[in-house]
Amino acid sequence: MSWNFQQIQVDVQNDADNVASSHELEAFRIKYLGKKGLIPKIYASMGILSKEERPLVGKNANDLRNHISQILEGKKQEIKQKEKLSTREDLDVTIPGARANLGHRHILTQTIESICQIFVQMGFVIQEGPEIETEFNNFEALNIPIDHPSRDAFDTFYLETPDPQQKERYLLLRSQTSPGQIRTMQQYDPPFAVVIPGKVYRPDAVDASHSFMFHQIEGLYVARDVKMSDLKGLLTVFCKKFFGNDIKMRFRPHFFPFTEPSAEVDISCYICGGKGCSVCGRKGWLEIMGCGMVHPCVFEAVNYPKGKYTGLAFGLGVERIAMLKHGIHDIRIFYENDNRFLNQF
Ligand code: DAH
């Protein structure tokens, strides 16, 4: 009788792979090592083998028996482990699983969205512009003269590579979202109304109220007969919707090169209701944005026909508004990715 040991090896492996419980393991043991199992059968057959065949078959049978013993031992441990786990008495399968940590929108994103949403409800369209701008769009077209301090390299991040194709010498990181006004006017004919949210950059030393990068939202409405009263009405609706109906407002005369007349908008301090506290510096008022009527020089810079259009513009700082609204005292905390802070919003 001859044995095909190669085939037997394959069968053993297949059988072993199908063993999943201690019952099946016992059946496997009996099939191969039991009294009437295959291995004893092979040994019993050796008596009728020729002298030459006997040592080879004997060696194969021994190897096979050792191999099966090893499989038995390994499987035994494996099953023991598995059964121990599934019968553990302290395993409470009704305990809720570990909850996946879902992210959510950053407080600054939420603030940008809710501010823009109020203007969208009034017919404004959201526009975006690039963070790398030209000197023309960021300053010149906005009527900011070449000797204005904000154009100094201490106040604006200039990029190293002057573009020879460009009329103006330098590219820069925009220091305000106002260049978005220029891009919009170059691209569209009035009437239009846009809000332009985005990041702006200034080389300020970082402290509790300054960051080298922050966010602004620009607003621009240009048409044939836009009036100062439109500006006041629009921003009043915005403030009431965003800060609440009880808020008081004032338009304080101010100067911006790209608007005339210009104003800053203050709201009554909602912490103290206008009585004076540490948040409003005892003034009772909080400055929240700049605004004004678009300067004729700006229309000229984008080649609009003289005297044809009028417009209103405004610009606000997102961090400042979020800080006022939520009583946050340090701007740096927005950028630290600390979940203890972020999860509050
Ligand atoms: N660009 C101004 C700044 O960064 C903010 C601003 C003021 C924008 C008045 C305007 C505006 O559109 O009319 O300080």
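Helix axes here are lines fitted to C-alpha atoms over the stretch in contact, and angles run from 0 to 180 degrees between N-to-C directions. Helices (H or I, at least four residues) and strands (E, at least two) are DSSP runs, numbered from the N terminus. What you have is a predicted model, in which local features need pLDDT of at least 70 and side-chain atom pairs count only at pLDDT 80 or more, while totals for chains, interfaces and linings use all residues. Residues are numbered from 1 along each chain as its sequence is written, and side-chain values use heavy atoms, with hydrogens and water left out.

## The overall picture

The secondary structure of the chain comes to eleven helices and nine strands. Its radius of gyration, taken over C-alpha atoms, is 39 Å, well over the 20 Å that the globule rule gives for 345 residues, so the chain is more spread out than a compact globule. That rule, for reference, is 2.2 Å times the number of residues to the power 0.38. Along its principal axes, the C-alpha trace spans about 120 × 55 × 40 Å.

Of the 345 residues, 41% count as buried. Buried means under 20% relative accessible area, exposed means over 50%, and partly exposed is in between (1.4 Å probe, protein chains only). As for contacts (heavy atoms within 4.5 Å), take those between residues at least 6 apart in sequence: 65% of them join residues at least 24 apart.

## Two helix pairs

Start with helix 1 (residues 5-17) and helix 4 (residues 53-86), which pack at an angle of about 10° with their axes 11 Å apart. That angle makes helix 1 roughly parallel to helix 4. The wording follows a simple scale: angles under 35 degrees count as roughly parallel, over 145 as roughly antiparallel, 65 to 115 as roughly perpendicular and the rest as oblique. On the helix 1 side, the contact is made by Phe5, Ile8, Gln9, Val12, Gln13, Ala16 and Asp17. Helix 4 brings Val57, Asn60, Ala61, Leu64, His67, Ile68, Ile71 and Lys75. By class, the residues of this contact divide into nine nonpolar, four polar and two charged. Here Ala, Val, Leu, Ile, Met, Phe, Trp, Tyr, Cys and Pro count as nonpolar, Asp, Glu, Lys and Arg as charged, and the others, Gly among them, as polar.

Leaving aside neighbours within four places in sequence, His67 is in contact with Gln9, Val12 and Gln13. His67 and Gln9 are 58 residues apart along the chain, with their C-alpha atoms separated by 9.1 Å. His67 is partly exposed, at a relative accessible area of 24%.

Next come helix 2 (residues 22-33) and helix 3 (residues 38-45), whose axes come within 4 Å and cross at roughly 5°. Helix 2 and helix 3 are therefore roughly parallel to each other. Lys31, Tyr32 and Leu33 of helix 2 meet Leu38, Ile39 and Pro40 of helix 3. This contact has five nonpolar, no polar and one charged residues.

## Over in the later part of the chain

Thr184 is found in helix 7 (residues 179-187), and Thr184 is buried, with a relative accessible area of 1%. Not counting residues up to four places away in sequence, Thr184 touches Gln127, Phe192, Val194 and Ile196.

Most residues other than glycine have a negative phi, and most peptide bonds are trans.

| Site | Backbone value | Location |
|---|---|---|
| Pro190 to Pro191 | cis, omega near 5° | Pro191: loop between helix 7 and strand 4 (192-201) |
| Glu260 to Pro261 | cis, omega about -5° | Pro261: strand 7 (residues 259-268) |
| Asn143 | positive phi, about 70° | loop between helix 6 (135-138) and strand 3 (171-173) |
| Asn337 | positive phi, about 55° | loop between helix 10 (318-326) and helix 11 (339-342) |

As for accessibility, Asn143 is partly exposed, with a relative accessible area of 28%, whereas Asn337 is exposed, at 60%.
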